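Reader: I have a structure open and some questions about how the fold is put together. Can we go through them one at a time?

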Amino acid sequence: MKRKNDILGLKVISIAEGCSVGIIKEVVIDPREYFIKALLVSNEKKWFYGAEVLPFENIVSIGEFGIMINTTTCLAPLHADNEIISMLNTDINLIGVSVLSKNGMLLGTTIDYIFNDKGKIIYCEIEKNAT
């Protein structure tokens with residue numbers, strides 16, 4: 001299992017081309033199923049082309065120092081993916097959300113979420129608020 005905050009900033013490495021193709025800038029959540037649909041990748045050398053979309057199912061593995069993909073053809077321009085743009089426009093954000101008990105007591109605020117190797121969000125990490 002991985003944390004969202006652990007993958008932000010990781011390099012994306014193409015196995016076939018043997019090179020870094022960018023870094024992870026954002027996670028796109030499917031608002032209906034609460035799983036990770038894709039990752040947004042930014043190439044620092046080609047920033048003027050815009051972000052690229054890496055569908056979660058195209059990830060070979062996620063390691064401590066990088067995310068491995070088979071080839072650069074796994075990436076697609078963000079501007080060409082209306083489904084991902086629509087998900088980004090729903091503005092689903094699980095970080096910084098207040099968590100309440102059934103009785104309406106403030107339990108804390110979400111600071112991260114953990115997902116499995118299929119991209120399913122398993123649980124949120126909560127930081128207790130100071131009382």
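Reader: Phe56 and Phe115, buried or exposed?

Author: Both Phe56 and Phe115 are buried. Keep in mind that this is a predicted model.

Reader: How are the rings of Phe56 and Phe115 arranged as an aromatic pair?

Author: Phe56 and Phe115 pair edge-to-face, with 6.0 Å centre to centre and 85 degrees between the planes.

Reader: How many aromatic pairs does the structure hold?

Author: One.

Reader: And which parts does the pair tie together?

Author: Phe56 sits in the loop between strand S5 (52-55) and S6, while Phe115 is in strand S10, so the pair links parts that are 59 residues apart in sequence.

Reader: Changing topic. Which residues touch the most other members in the largest nonpolar core?

Author: Ile7, Leu39, Leu54, Ile62 and Ile67 do, in a core of 22 residues. At least two core residues come from each of strand S3 (19-30), strand S4 (35-42), strand S6 (59-62), strand S7 (66-69) and strand S10 (106-115). S3 gives the largest share, four residues.

Reader: Which residues is Ile67 in contact with, leaving aside its neighbours within four places in sequence?

Author: Among them are Ile7, Leu10, Val12, Ile13, Ile24, Leu39, Leu54 and Ile62. Lys11 and Ser61 are also in contact with Ile67.

Reader: What does the second, separate core include?

Author: That core has seven residues, including Val28, Ala38, Leu40 and Val53.

Reader: Now the sheet. What is the order of the strands?

Author: The open sheet has seven strands in the order S6-S7-S2-S3-S4-S5-S8, and its pairing is mixed.

Reader: Which strands stand at the edges?

Author: S6 and strand S8 (76-77). Each has a single partner strand, so one side of each has no neighbour in the sheet.

Reader: Which strands does helix H2 lie across?

Author: Helix H2 (residues 82-89) lies across S3, S4 and S5, and runs at about 100 degrees to S4.

Reader: What about S10, how does it pair with S11?

Author: S10 and strand S11 (residues 121-127) are antiparallel, with six bridges. Asp112 stands opposite Glu125 in S11. The hairpin of S10 and S11 has five residues between the strands, and Gly119 in that hairpin takes a positive phi near 90 degrees.

Reader: Is each one buried or partly exposed?

Author: Cys74 is buried, with a relative accessible area of 13%. Cys19 counts as partly exposed because its relative accessibility is 33%.

Reader: One more area. Where is Ile15 found?

Author: Ile15 is in the loop between strand S2 (11-14) and S3. With 45% relative accessibility, Ile15 counts as partly exposed.

Reader: Leaving aside neighbours within four places in sequence, what is Ile15 in contact with?

Author: Ile15 is in contact with Val60, Met68, Ile69 and Asn70.

Reader: Where does Val60 lie, and what is it in contact with beyond its neighbours within four places in sequence?

Author: Val60 lies in strand S6. Its contacts of that kind are Ile15, Met68, Ile69 and Asn70. Val60 counts as partly exposed, at 44% relative accessibility.

Reader: How far apart in space are Ile15 and Val28?

Author: They are 23 Å apart, C-alpha to C-alpha, and 13 residues apart in sequence. Val60 and Leu88 are 28 residues apart along the chain, with 24 Å separating their C-alpha atoms.

Notes. Residues are numbered from 1 along each chain as its sequence is written. This is a predicted model: local features need pLDDT of at least 70, side-chain atom pairs count only at pLDDT 80 or more; totals for chains, interfaces and linings use all residues. Side-chain values use heavy atoms; hydrogens and water are left out. A nonpolar core is a set of buried Ala, Val, Leu, Ile, Met, Phe, Trp, Tyr and Cys residues joined through side-chain atoms within 4.5 Å. Buried means under 20% relative accessible area, exposed over 50%, partly exposed in between (1.4 Å probe, protein chains only). Contact means heavy atoms within 4.5 Å. Rings of Phe, Tyr and Trp (its six-membered ring) pair if their centres lie within 6.5 Å; planes under 30 degrees apart count as stacked, over 60 as edge-to-face and the rest as tilted. Two strands pair if DSSP finds at least two bridges between them. Axes are lines fitted to C-alpha atoms, for helices over the stretch in contact, and angles run from 0 to 180 degrees between N-to-C directions.
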